[in-house]
Amino acid sequence: MRLRAFFSWQQGLPTLHQVVLRWVALVVVLQLVFSLAVARYQLFPQVEALQIKLNETLAHNIARSSEQALVRPMTALQAALKQLEQGGAQAWSASVMQQLVDSIDAAESVYMLDRFGRVVAISVPPTSEQSNAPYAADKRLGLDLSRSEMFRSSQKNRVRMSPIFLSAVSDRPTVAVTGPLSDEGLLVMELSLNRLGQLRDDTAPGQEVQALVVDSNGQIMADQYGHKAQRSAMLPIEAMRQLGKGGAAVITIDDVRWFASSARIAVGALDWRVIVMRPEALVYAPVRHIVLATTITTGLFLVFVVSLLTLTTRRFTRAIEGLRHDAFALEAGRIPATRDMRLQELADLDASLRSMAQALLQREAALIQNNEALEARVQERTQHLMQVNADLEHAMRQLRHTQTELVQSGKMAALGAMVAGVAHEINTPLGNARLTSSSLVHRAQQLRQVMEGDKVSRAHIHQCAADLEEGAALIDRSLERAGNLVHSFKQVAVDQTSNRRRVFVLGEIIAENLMLLSQRLSKAHVKVRVNAPDKVEMLGYPGDLGQVITNLVENAQVHGYADSPGGEVTIDVALQGQARVRIQVRDRGRGIPKASLERIFDPFFTSRLGQGGSGLGLSIVFGLVTQSLAGSIAVESQEGVGTVFTLDLPLHAPERNES
Amino acid sequence: MKPFLRIGTFLVLAGVLVWALAGCGPKPALKIGFIGGLSGKFSDLGTATRNGALLAIELVNDRGGVRGRPLVLLEHDDMQSNEQALLALQALKEQSVVAIIGPSTSSIAVAIAPVATDKQLLLVAPTASTSRLSGKDDYFLRSIGDSAFYGRAAAHYHVSKQGVRSAALILDMANADYTESWGDAYAQEFQRLGGKVMRVERFTSTQNPDHAALARSLVGSGAESVVTVASSVDSALLAQRVKALKPGMRLAGAGWASTERLIELGGAAVEGMLFEQYFDRFDASPKYQNFLQAYRVRFKADPGFGALLAFDAANMVIAGLQATEQPSQLKASILAIGKFEGAQNPLYADAYGDVVRAVHFGAVRNGVFAKSD
């Protein structure tokens, strides 16, 4: 978690302290980057160039002085050769050789080879303390060196320097200066490599710079401080290639990188090179110190600035914290205490805050006053509203009561109409019966008169009897029809009023209710056609269903065919599977306007306001269908085409909750 | 603390930047040590082994090193002294070398092999052939055969091919571990084959020996053949002294001396002197010619047996390094490889890291080691 916090910006807003420190850190880092870039691209190259120059000069100087040091034995040998040519006696030549070996510091031995390459005379320094194992020079007399490189390569009149070889005289690797003798022999002076190497000691330019002398194979011949054992005795071939015959390069020796320059030492067959080099790390050290110093200074500066800024921002933050507390005090409605602000801006802010507090408090007091007045007014209004509400509720109750009464009176009106229809219906058979009965009476009187008379004919009596029979039959039929009507009416009335749940046949219920409407319908020249399958048995509330049918048919007659001289209403019954039935009541009347269509089931919605419509018919239908019959009702209508009411009812209506 | 964490983020970024500016260096070099006689009397062999090993390493570096890491050879001169060699071993251990090529002489090998085994620092000796280190499961491997084997082979050759009947031996005690095992094997085999060892002379080359006196003793023994078991310088000097006393004396020497230095220092005296040869200087095979050319270009001279054996030794180490990344597994890795190409002939390492290498005999003819049959 800590680590994540370290690398990611904190959630939310930064504090003043954070913002300030970020900027300081950014500036410091930029400064650091700038100084590093300057070091990398300016200082380092300059230092490199300087070092190369120094190395080159030094290598050149060392090479020249080394050459001189090497030339000296050669000139001495040359001089000795001249002396030997003049003399001849063995003692003379021995003394010349001794002088020669004494005159050269590095000389390890001087010996003379005859023309067969055999050692015929030898001189060594009196004290050869530099040699590890002092050897008896005379034991080397007679040694055959005819196969040696120096003997085979010797040339007339030429003093030369041999390559390095392992000396049979000293048993050590060595170089030799050779010069031809007049008798085809050879004068040889072997030189100590160690002593040659020591030549460079006094030219040492300081501890950090190293001077090496290497042969053409890269073998280190001399090393300024005897570091030989600390690293390869061979300069890596890569370094030799880089340095070439002379020049500067960065070479790697045993993983250490050096700035090196080389200069050639060419004396005789010797092809040596002086290499002056300085560790890259040391070359760059001053620049690295500057960078380090800059970095440390920057770091210290950073710490210093951060401390100061922390103090300052903390004081500032504390002051702001105080002001925050003042704000809390103000929030609690108190005038905050005076604070000792040590910064002008903060003091100004404090003063402004204080005056703002005063203003705020005044304003708050005014607000409170206003609030109180407002509250009183609100209360007043509320009371008024409550009164109005109560009045409205009262009106609503009355309205509901009126609605119930209206429904009741609607029902009564319907019943009235029905009674009128029934009376009319019954009237016809009853009239017929009465007419017939009076005709029967009249016939009976005629019969009696005939019987009382004398002209009684059998045919006449027969005729009378036939007439009586016919009349009685007519009366019987009329009465039966009246009885049927009454029965229907009674059934409908019972259904309507008792609302018992029972099993009934849908077709019968439709027929009964239509019969009760027949008077009105025929008056309006509206025919009703029923397409219903036989024996659709339902369990439910036939009164409610009858009322629904009646209302819908009436509706079609009253509204659909209001402006037409007559029409047809179709009732289609269709079973929907085992448990449901669909009843469609369709007319081809004027239709319902679209705007009204959505509202036709609303109570008190009527298109015939003031013309006797209560606006409750379809509302009652909706209520009966959805509640008592547990079904649904839908209406489709198009103006000028007609209207279809579709009832979707279960065959078994659930028992009604009487409560 | 939180704000300081933010500063920490900046400092980390700055650190990354500094590191990026400084750049990242190349892979560090793999260090291989070298111990050999680079100064003194035996330095011809030491220098030759150093050159051979260096050439092998430089050739590998030219090809990109081992797994991208260059090799460096850290050289130490044992000055033919056990103390110096042990100091060198310690120094190389501290320099964390993965293996050491060397030493070049048997006595030094006997002195430092147990210490190297203790330190688990692998020595691969190019020319130290002493029997005293044969058949040991230690940290001492080599690219040359057993000196006793060479001694017996020489005796066999001298008796059966050349009909030598009697011999006088001279052994250099400065490298007794080689000279004794070579000389003993030679004497035993020589006598087994019916030859007679007339005298065995011993001297210490580092103590300024009197070669003329030694030669007088050898010639005085009445042997028809003188066998020098010594370095090139001493063998050359002895040969000169013997020939001066008895020009017709039959001369032979142990392989140690068969360097180019012997011919240079021996002059006419070593003409006809017979040695066992570890390689064929007149081999025309491309493999050897490649090695020869590379060596000539690098060192402006022809390689001797020391250079060739050291080249092979270094290549054994290189092959091992290429097979394993773990320096501690180097020995097992080398032994697992078993067969090595060699600059001339393949060589086979056994479970103890001792190798079998072909040998033949050659005498000096007109200043070169000629092949004889």
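A salt bridge is taken here as a side-chain nitrogen of Lys or Arg lying within 4 Å of a carboxyl oxygen of Asp or Glu. The structure is a predicted model, and under this criterion 24 salt bridges are found in it over all chains. One of them joins the side chains of E341(B) and K287(B), with an N to O distance of 3.1 Å. The two residues belong to distant parts of the chain, 54 residues apart, since E341(B) lies in the loop between strand 11 (339–340) and strand 12 (347–349) of chain B, while K287(B) is part of helix 10 (residues 286–299) of chain B. K287(B) counts as partly exposed, because its relative accessibility is 31%.

A further salt bridge in chain B is formed by R296(B) and D302(B), whose closest N and O atoms are 2.5 Å apart. Both partners fall into the intermediate class of accessibility: R296(B) is partly exposed at 34% relative accessibility, and D302(B) is likewise partly exposed, with a relative accessible area of 43%. In chain A, the side chains of E149(A) and R160(A) meet in a salt bridge at 3.8 Å, N to O. This pair also links distant parts of its chain, with E149(A) in helix 4 (residues 149–152) of chain A and R160(A) in strand 3 (residues 160–161) of chain A, 11 residues apart. With buried meaning under 20% relative accessible area, R160(A) is buried because its value is 9%, whereas E149(A), at 27% relative accessibility, counts as partly exposed.

Chain A as a whole contains 13 helices and 18 strands. Of its 659 residues, 41% are buried, and the accessible surface of the chain comes to about 37,300 Å², with carbon and sulfur atoms contributing 56% of that area. Among the contacts in chain A with a separation of 6 or more, 61% are between residues 24 or more positions apart.

An open sheet of 5 strands is present in chain A, with the strand order 13-15-16-18-17 and mixed pairing. Strand 13 (526–531) and strand 17 (632–638) of chain A each have a single partner strand and therefore stand at the edges, one side of each being left without a neighbour in the sheet. Neighbouring strands of this sheet are turned against each other by 15° on average, direction ignored. Strand 13 of chain A runs parallel to strand 15 (residues 567–576) of chain A and is joined to it by 6 bridges; within this pairing, E568(A) in strand 15 is the bridge partner of K527(A). Helix 13 (residues 617–628) of chain A packs on the sheet, where it touches strand 17 and strand 18 (642–650) of chain A, and its direction makes about 140° with that of strand 17.

In chain B, 5 strands form an open sheet in the order 2-1-3-4-5, and here the pairing is parallel. From one strand to the next, the twist averages 30°. Strand 4 (residues 123–125) of chain B is joined by 3 bridges to strand 5 of chain B, the two running parallel, and F140(B) in strand 5 is the bridge partner of L123(B). Helix 3 (residues 82–94) of chain B packs on this sheet and touches strand 1 (30–36), strand 2, strand 3 (99–101) and strand 4 of chain B, with its direction making about 180° with that of strand 1.

Terms used: Residues numbered from 1 in each chain as written. Chains lettered and ligands numbered in written order. Predicted model: local features only at pLDDT ≥ 70, side-chain atom pairs only at ≥ 80, totals over all residues. Heavy atoms only, no water. Pairing = 2+ DSSP bridges. Helix = DSSP H or I, 4+ residues; strand = E, 2+ residues; numbered from the N terminus. Axes fitted to C-alpha atoms, helices over the stretch in contact; angles between N-to-C directions. Contact = heavy atoms within 4.5 Å. Buried < 20%, exposed > 50% of the residue type's maximum accessible area, 1.4 Å probe, protein only. Areas by Shrake-Rupley, 256 points an atom, 1.4 Å probe, with all protein chains shown as cover.
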